[in-house]
Every structure is written in structure tokens, then in C-alpha cells.
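I opened this notebook to keep a record of what I looked up, residue by residue and then element by element. The entries follow the order in which I made them.

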Amino acid sequence: MAVARRRRLNLRTVALAVVICGILGAAALWFLTRPQTVPASALPAYTPDLDNGKTMFAIGGCSSCHAVPNDNPDKVDRLRLGGGLALGSPFGTFHVPNISPDPKDGIGAWSEADFVTALWKGTSPQGRNLFPAFPYTSYQHMHLNDVRDLFAYLKTLPPVAGKSRPHDLNFPFDQRELLGVWKLLFLHGGPFTPDPQKSAQWNRGAYLVNGPGHCAECHSPRDALGGIVERERFAGGPSPDGQGWVPNITPFGLRDDGKPWTTKEIASFLGDGMTPDGDFAGGPMADVINNTSLLSAEDRAAIATYIAALPPVEGPPKPPEKPKN
């Protein structure tokens, strides 16, 4: 009887330990995955630089996604940021929101801390996780003053009434609570830190490419959870909307007659969209060129310096093109 009693006691002890560990594990997971915010107290007094905000607007490609769509691309008003663009993905369709200064339908009622929180932490003013179709995994690397300048510039643009329709996502990808785990896996780092072993020009290019420019978000393959495959960063892959193929922009992919593009050729391409062989950028890249062409020649040269210095990486193989009927 005593042996049986001890056995029951041991089983109860083990069961209690399992329950306690489960509770502690759940509490730790909740703590680690809860939406993060940036408090207003973390923002010291600052006078925004609107010219720099305009630069961040251009390199960030804000108008490419958030400008009100038009059946005629030439008639899109790139400063009317009412959203509405539908972005296809393996997880469903995202509908780009209104980020104009409209106080009801846009971000006109947002505080500066709300905006910094969205770009750095991927959290809405309501404390909810934002979907990473908004590339905060790159924007988290932006310098604080650049984020504040961008916010100040956005407030100078015309307010646009009207909200976009809700996202149309497949279950369970429509559950924002699960994004806390996704962020734990993929949202890590902070504002860009210069590499003291590199030149100022290289560091400027690295910052623009990996921060506001978010080039890796399109030019890198992704895993089943939608996270960038880091070992193939910038090596191209399927288009995020599943409708095409995004090229490799490491020296393995940017080649002409077997030779990697030079820094000068890359900088020139960012200005006018013409490749070294005389062709021109098309599709989504043509819209990117509309943005990079607005940058200073110095910033385009910095981006080119960084891109040209990337290690050559062979990305996923491009599937053969389907024969045309």
C-alpha cells in the first residue's frame, strides 16, 4: 500500500510540474510575442527635415503601393496615398491601406510615436500586429530621424477619404495573433549600424538598400512561413504575388556578356532604367526606377556601390517558361 501511495504521489507531482511548466511556457510565449510599441517618451524634441522626408518617401517606394490605383498607370497621382491596391500572395490578397493625412480614413490622427511603432515594431495604433506585407522587417533598420522626417513629409500631402477593403487572407494566416510568433522568428535587429571597415559610401548604400529601400523584400526567396531565406538574400526568386520571377541582383545575376554590372552601370540603371545591353526595366521594376530616379546622384551611386560589392549568390532555379499557345 505504501509503495502504491508513493507512486500516486510521484505521478501527481509530475503532473503538477507539467502543468506549471505549461503555464510558465505559455506566459513566456505571450510575453515574447505580445505587440511591441515605441512610447512617445522615447522621442526627444526634434525639428523635421522635409527635404530628407521626401528622400525617404522616394527610396521607400511609398507611392508604388499606397497611391490610389488608376487603370492608366500614367495617370496615377503619386501623392494621393488613399491605398486600394490589391497585392496577391501565397497567403491570400492584401489590400493596401490609406496612409494619406486624412484623419478618419488615413493616418492623420496618428501620433509620431504611432508611426515609429508601425515602421519599427509592426504594431498598429490600436495595439494589433500588422501583416508583414508592410515591410517593417526592413523599415525597422531606418534611423529614427529618417522615420520622423518621413512622417512629417506625409502630413504635407493631400488627405484622401475612403478606406481600403479588408484583407482577404486564407485561414490561419488571417489570425493577427499568430503574427507575434512570426515576428519572434523574423523581426529582429534595429536601426542600421555602420560597418567601420567599409567606406561612408558603402554604408550609405547598405542603409538605403536594407532599410527604407527594402530591396530584399522582393529580391529574395522566402520560406513556407513567408520569411526571407537569408542565405539567398538578394538572389531572386518567385514574385511575392506569384505572378512572375524577381531577378537575382547579386553579381551572380546582374551580368552582361558574362561580366557583372559595374558600379557605374548600376547607378545609371537606377536613374533611367536602361540596362547595359540597351534594354529597359519593365513591370514592377519600372515603378521602382520612378522612385530611385528621384534620388540624388550621390545616393544612387551609394546604392550601386553596395549592390556591386554583394557576394555573388546563386538563388533558386528559375522554372522554365510555359510555352505560349
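**Entry: V38.** I began with V38, which is found in the loop between α1 (2-33) and α2; helices here are DSSP runs of H or I with at least four residues, strands are runs of E with at least two, and both are numbered from the N terminus. Before going on I noted that this is a predicted model, in which local features need pLDDT of at least 70 and side-chain atom pairs count only at pLDDT 80 or more, while totals for chains, interfaces and linings use all residues. I also noted that residues are numbered from 1 along each chain as its sequence is written, and that side-chain values use heavy atoms, with hydrogens and water left out.

Is V38 buried or exposed? V38 has a relative accessible area of 11% and therefore counts as buried, the cut-offs being under 20% for buried, over 50% for exposed and partly exposed in between, with a 1.4 Å probe and protein chains only. Not counting residues up to four places away in sequence, V38 touches L43, A113, V116, T117, W120 and K121, where contact means heavy atoms within 4.5 Å. For V116 I also looked up the separation from V38, which is 78 residues in sequence and 6.8 Å in space, C-alpha to C-alpha.

**Entry: F131.** I next turned to F131, placed in the loop between α4 and α5 (136-139), and found it buried, with a relative accessible area of 8%. Leaving aside neighbours within four places in sequence, the contacts of F131 are F94, Y136, H167, L169, F173, D174, R176 and L179. One of these partners, D174, is 43 residues from F131 in sequence and 9.0 Å away in space, C-alpha to C-alpha.

**Entry: helix α6.** Helix α6 (residues 144-154) is mostly covered, since I find ten of its eleven residues buried. Those buried residues pack against α2, α3 (62-66), α4 (112-121) and α8.

**Entry: α2 against α8.** I took up two of those partners together: the axes of α2 (residues 50-60) and α8 (residues 200-210) come within 10 Å and cross at roughly 65°, with axes taken as lines fitted to C-alpha atoms, for helices over the stretch in contact, and angles running from 0 to 180 degrees between N-to-C directions. T55, M56 and I59 of α2 make the contact with R204, Y207 and L208 of α8. By class, I record four nonpolar, one polar and one charged residues in this contact, counting Ala, Val, Leu, Ile, Met, Phe, Trp, Tyr, Cys and Pro as nonpolar, Asp, Glu, Lys and Arg as charged, and the others, Gly among them, as polar.

**Entry: aromatic rings.** How many aromatic pairs does the structure hold? I find ten, where rings of Phe, Tyr and Trp (its six-membered ring) pair if their centres lie within 6.5 Å, and planes under 30 degrees apart count as stacked, over 60 as edge-to-face and the rest as tilted. The rings of W261 and F269 have centres 5.4 Å apart and planes at 70°, so this pair is edge-to-face. W261 is buried at 13% relative accessibility, and F269 is buried at 10%. Elsewhere in my list, ring pairs link F134, Y136 and Y139 into a cluster.

**Entry: the cavity.** W261 came up again in the lining of the largest cavity, together with I249, T250, P251, L254, P260, I266, I307 and A308. That cavity holds about 30 Å³ of space, and its lining has eight nonpolar, one polar and no charged residues. On a 1 Å grid over the protein atoms alone, a cavity is a set of points where a 1.4 Å probe fits but cannot get out, whereas a pocket is an open set with protein on both sides within 12 Å along at least five of seven lines, and lining residues have an atom within 4 Å of a point. Grid points are joined across faces, edges and corners, and a volume is the space filled by probe spheres set on the points.

**Entry: P311.** P311, in the segment after α12 (297-308), counts as exposed at 52% relative accessibility. Beyond neighbours within four places in sequence, I find P311 in contact with T250 and P251, and its C-alpha atom is separated by 6.9 Å from that of P251, 60 residues apart along the chain.

**Entry: the second largest pocket.** I noted a volume of about 440 Å³ for the second largest pocket. Its lining comprises 21 residues, of which G244, W245, V246, K318 and P319 lie nearest its centre.
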